[in-house]
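Hello,

Here is the structure I promised to pass on. Please have a look first; my notes follow below.

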Amino acid sequence: MQRGGRKGYAFYRIVIADVRAPRDGRFTEKIGTYNPNTNPATVDLDFDRALYWVEVGAQPTDTVRNILKREGVYLMKHLRGGVKKGAFDEAAAQAKFEAWKADKVKGLEQIRENDAKSKKDAYAKNLDAEKKVNEAIAKKVAEKKAAAAAEKAAAEAAEAAPEAEAPAEA
């Protein structure tokens, strides 16, 4: 993998390089990209070239190996080995791979749906909590205004009462 991107925002190129080459040095071929900053991590891979290099004996790093497994490169290598040994034909291997890929896509969609639902539920929960807080504040403000209005009315009544009593005594 070749690191790219800016500080704090890594972005990697998946490359085929000689083991003696430095991390970001010379490479033979670029076969894809890996962006760990998205959720889930985004992988753009040239599947056929990755499969070719794995079949000819390229030794990936641990991270790249995990990426290739997740993308199905190692499964396809295994299925092609079965075809070469005569365990099943190419069509059966392709059918197995397509079934695996469809199941994987279904699982990823389920994860995305659950994530979106949890975000929506959290938003609704926060909105309800904020509404309760706002209602409590509005209630306190209303009570304060009512108390101030009652105090003002009492003060006006107290001022009016002595004025009304003063002319009666005279």
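**What I found**

Of the protein's 170 residues, 17% count as buried. Keep in mind that this is a predicted model. The radius of gyration is 36 Å, while a compact globule of 170 residues would have one near 15 Å. The C-alpha trace spans about 125 × 40 × 20 Å along its principal axes. Take the contacts between residues at least 6 apart in sequence: 34% of them join residues at least 24 apart.

**Layout**

There are four helices and four strands. From the N terminus on, the order is β-β-β-β-α-α-α-α.

**Strands 3 and 4**

Strand 3 covers residues 29-35 and runs antiparallel to strand 4, with four bridges between them. A hairpin of six residues connects strand 3 to strand 4. Asn35 sits opposite Thr42 in strand 4.

Strand 4 itself covers residues 42-45, and its side chains alternate. Val43 and Leu45 point to one face and are buried.

**Helix 1**

Which residues of helix 1 are buried? In this helix, residues 47-55, they are Ala50, Leu51, Trp53 and Val54. These four cover an arc of only 165° around the axis, so they lie on the same side of helix 1. What do the buried residues of helix 1 pack against? Their partners are strand 2 (9-16), strand 3, strand 4, helix 2 (62-71) and helix 3 (73-85). After helix 1 comes Gly57, with a positive phi near 105°.

**Rings and charges**

A search of the whole structure gives four aromatic pairs. In one of them, Tyr52 and Trp53, the ring centres are 5.4 Å apart and the planes stand at 75°, so the pair is edge-to-face. Trp53 is among the buried residues of helix 1, whereas Tyr52 is partly exposed, with a relative accessible area of 38%.

Ring pairs also link Phe47, Phe97 and Trp100 into a cluster. Phe47 has a charge over its ring as well: the charged end of Lys101 sits there, 5.9 Å from the ring centre. Elsewhere, Arg6 lies over the face of Tyr9, 4.8 Å from the ring centre.

Best wishes

Note on methods: Residues are numbered from 1 along each chain as its sequence is written. This is a predicted model: local features need pLDDT of at least 70, side-chain atom pairs count only at pLDDT 80 or more; totals for chains, interfaces and linings use all residues. Side-chain values use heavy atoms; hydrogens and water are left out. Rings of Phe, Tyr and Trp (its six-membered ring) pair if their centres lie within 6.5 Å; planes under 30 degrees apart count as stacked, over 60 as edge-to-face and the rest as tilted. Buried means under 20% relative accessible area, exposed over 50%, partly exposed in between (1.4 Å probe, protein chains only). A charge sits over a ring if NZ of Lys or CZ of Arg is within 6 Å of the ring centre and within 35 degrees of the ring normal. Helices (H or I, at least four residues) and strands (E, at least two) are DSSP runs, numbered from the N terminus. Two strands pair if DSSP finds at least two bridges between them. The arc is that of the directions from the helix axis to the C-beta atoms. Contact means heavy atoms within 4.5 Å. The radius of gyration is taken over C-alpha atoms; the globule rule is 2.2 Å times the number of residues to the power 0.38.
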